[in-house]
Protein chains: 2
Amino acid sequence: MPGIIKERLFTPGPTPLLLEAQVQTLTATLHHRTEAFRQLMRESLDNLKYFFNTQNDVLIFTSSGTGAMEGAVTNLLSPGERVLVGTAGKFGERWLDLARVYGLEAVKVEASYGNTLNIEEMKRKLESEGPFRAVFVQATETSTGVSHDVKALGALVRELPDTCLVVDGITGLGTTELLPDEWGLDVVIGGSQKALMIPPGLAFASVSEKAWKLMAKSRLPRYYFDFSKERKNLAKGEASYTPATTLVVSLHGALRYIRQLGRENLISNAALLAEATRAAAQAQGLGLFAKGSPANAVTAICAPEGMDSGAIVKEMRVRFGAIIANGQGTMKGHIFRLAHLGYYDVADLFAVIAALEVVLKKLGHRVELGSGVRAAQEVYLQHHS
Amino acid sequence: MPGIIKERLFTPGPTPLLLEAQVQTLTATLHHRTEAFRQLMRESLDNLKYFFNTQNDVLIFTSSGTGAMEGAVTNLLSPGERVLVGTAGKFGERWLDLARVYGLEAVKVEASYGNTLNIEEMKRKLESEGPFRAVFVQATETSTGVSHDVKALGALVRELPDTCLVVDGITGLGTTELLPDEWGLDVVIGGSQKALMIPPGLAFASVSEKAWKLMAKSRLPRYYFDFSKERKNLAKGEASYTPATTLVVSLHGALRYIRQLGRENLISNAALLAEATRAAAQAQGLGLFAKGSPANAVTAICAPEGMDSGAIVKEMRVRFGAIIANGQGTMKGHIFRLAHLGYYDVADLFAVIAALEVVLKKLGHRVELGSGVRAAQEVYLQHHS
């Protein structure tokens, strides 16, 4: 029986758009060399500091988050320098790829998929295999739904005057408490299509004073992602090259919404949805892929024994218009992922959990209808008087 | 704990908007005396016939549905004429108000709130207290969630050459099978903010040949709602007076969506959501207000003994952003209403049922969490292989 099916994103980026912010693009004055636009940029930069929870400079680039990751590498390092990379999934591996492309000597600390980085091991490497110019990690590894203890890592790296800690916070920002200034996170990378609730196309990087000092000495080639040039121009409210003007307008609107809601509330919203999703999945007889330190950004759930997670992804889309993510790489077919980052609310959660229950049942998994929703409702009630 | 709360309409009008149709208003050429606009009007009129399921003329007015109801009265009748009104709620009573204002002699057949009209009683009145120039009813009475057997009524009235049957289909269209031509529904009234998925501001009336003939003799005063004048102008793709141009653009887009989806599928979508809502409410230990013939358009649910339905309405809004409707008139405080007409899907239903469960529990009703959702899921599964 065909009926109305609304498409709904539950992927860890792109995420549902804040329509109020999108609508503003229709009426904004959009030439990027006007005072009106500079004003918009300055306000956005100011609100980005609030979102990043930092007093450091925050840079804006028209690119995906990967562009700013590359920029962190090319702006901090010189050919042949040594870096420490903590990797626990597809996004950790991206740091290794970048190090390889730019001729850096990468030392790797690896956690198997589903596990969090062993900070003690990072400490041992820092002590025994250094000196390192930079340490690269994720705040949350989106491919496995695991978060890393970047606070503990920060405490180690801040003791090393010539080493910077670079954190990919693309899905960590707005879902996880991060204190770049107190914790010593020298560079934090963000992307627009995540907790910021706007479309893909903008990347962000916060840069500490320590990082600026080390950047002054680095010799890797860079042009578009030249952090120091961008800092100079952004001080005047300008981007070095034509920025994605409508996305800046969306960003401005979304940041205003986030300031009203409160950064802490945005984070606790994701935390609640993640906790309720974990409870629901377990009530539905499903395993969680993260063995510990599950991320608030996204929950990776194991498909039942013998069931292809791709079938779940497909049925969710076809039956309920719910777009969820399959596993990546070797995890494909084994896990699926539900995101909580950004513009999601409890009603969204109830809908997707109820839909998942129906899909699991149709695919032959023994699940009590309503059981996952009940678990999610109970988590909601524990947090709301 | 404050978090993200998205506002969602679950009211029986206005209903959720089809965003694709709204967006079209931004780029359309909008002067109403242009060929482009006339083309839009002609296509919309054609698609309205599809939506109404009729070969009769369908008229468009810039007004609420009540305006077209008034037009049906003033175009069909002459002072002092006798009309039969079937009433079972607040909207039935509106026909009585209109008859009084225009000095008509109204004979009333009344069903108490929550009951459907007794067609046998209508038949007896038609036979014993006539002749009547017109019979007025609702297809579905939105205030109580009851539908009426307009097919049976049509079979009676079509035997009377000088009597027209006027059906308020404002919430019946797109939620209930209506065959105006086969059943002899001479005038059917519609409104834009219902199953058509667009904002309030447009009203519609289909008019049969029989009705046009009787209208030629009617002498009540009318100007803005002059059906015959409107028919003449619409034949040229024009409205008599400046139409709500952006709403016509939205209408055009929404009707195209409905044609793609299929009228029957739009109706069965509402039927499924209504059936699942009834099952869910009963599983949650709630009574249904409609004693029989429940409407697909909207489900009226009794608040638990001793609980003010206004508290449910408020908690749904505050906790989950879900806007539901209280009872009207004497039903206020005793019932609440969940709508199914138009742009709603199964995921919307899961969300609102799960939210309702939480609210009922918080307000002290003994309800098993997940039980209503399970009942709704089971109805979904019965209808979807």
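Q: Where is A:Pro14 found?
A: A:Pro14 sits in the loop between β1 (8-9) and α1 (19-24) of chain A. Keep in mind that this is a predicted model.

Q: Cis or trans for the peptide bond from A:Gly13 to A:Pro14?
A: That peptide bond, running from A:Gly13 to A:Pro14, is cis, and its omega is near -5 degrees.

Q: And the bond from A:Gly130 to A:Pro131, cis or trans?
A: Cis again: omega is near 0 degrees for A:Gly130 to A:Pro131. A:Pro131 belongs to the loop between α5 (119-128) and β5 (134-138) of chain A.

Q: What about A:Met197, is its phi positive or negative?
A: Positive, at about 70 degrees, although A:Met197 is not a glycine. You'll find A:Met197 in the loop between β9 (187-191) and β10 (202-207) of chain A.

Q: OK, zooming out. What domains does chain A have?
A: The domain assignment for chain A gives domain 1, made of 8-15 + 263-383, and domain 2, covering 19-260. Their C-alpha centres are 27 Å apart.

Q: How many residues does each domain put into the contact?
A: Domain 1 of chain A brings 28 residues and domain 2 of chain A brings 30 residues. On the domain 1 side, α11 (263-283) and β11 (298-302) of chain A are the elements that give two or more residues. The most comes from α11(A), with 4 residues.

Q: Switching to the two chains. How many residues of chain A are in contact with chain B?
A: 38 residues of chain A are in contact with 38 residues of chain B. On the chain A side, α11, α13 (346-362) and α14 (371-383) each supply at least two residues. That side of chain A splits into 22 nonpolar, 10 polar and 6 charged residues.

Q: What rotation superposes chain A on chain B?
A: A rotation of 180 degrees, with 0.0 Å of shift along its axis, and the RMSD is 0.0 Å. That is the relation of a two-fold axis. The same surface serves both copies, as 100% of the contact residues of chain A recur in chain B.

Q: Now helices. At what angle do α13(A) and α14(A) pack?
A: About 160 degrees, and their axes are 8 Å apart. That makes α13(A) roughly antiparallel to α14(A), since angles over 145 degrees count that way.

Q: Left-handed or right-handed crossing for α13(A) and α14(A)?
A: Right-handed, with α13(A) passing α14(A) that way.

Q: Which residues meet there?
A: From α13(A) you have A:Val346, A:Leu349, A:Phe350, A:Ile353, A:Ala354, A:Leu356 and A:Glu357, and they meet A:Gly372, A:Val373, A:Ala376 and A:Tyr380 in α14(A). By class, that contact has 9 nonpolar, 1 polar and 1 charged.

Q: Over in chain B, how do the axes of α11 and α14 cross?
A: Helix α11 (residues 263-283) and helix α14 (residues 371-383) of chain B cross at roughly 145 degrees, and their axes come within 7 Å. The crossing of α11(B) with α14(B) is right-handed.

Q: Which residues are involved in that one?
A: The α11(B) side includes B:Leu272, B:Glu275 and B:Ala276, and the α14(B) side includes B:Ser371, B:Gly372 and B:Tyr380. The contact of α11(B) with α14(B) has 11 nonpolar, 3 polar and 3 charged residues.

Q: One more pair: what's the angle between α12(B) and α13(B)?
A: Helix α12 (residues 309-320) and helix α13 (residues 346-362) of chain B pack at about 120 degrees, with axes 10 Å apart. So α12(B) and α13(B) are oblique to each other. Their crossing is right-handed.

Q: And what meets what between them?
A: B:Ile312, B:Glu315, B:Met316, B:Arg319 and B:Phe320 in α12(B) meet B:Ala355, B:Leu356, B:Val359 and B:Lys362 in α13(B). The residues of this contact between α12(B) and α13(B) come out as 6 nonpolar, no polar and 3 charged.

Key
Residues numbered from 1 in each chain as written. Chains lettered and ligands numbered in written order. Predicted model: local features only at pLDDT ≥ 70, side-chain atom pairs only at ≥ 80, totals over all residues. Axes fitted to C-alpha atoms, helices over the stretch in contact; angles between N-to-C directions. Parallel < 35°, antiparallel > 145°, perpendicular 65-115°, else oblique. Left-handed = near helix turned anticlockwise from the far one by under 90°. Contact = placed C-beta atoms within 7 Å. Nonpolar A, V, L, I, M, F, W, Y, C, P; charged D, E, K, R; others polar. Least-squares fit on C-alpha atoms with pLDDT ≥ 70 in both. Domains from an automatic or database assignment.
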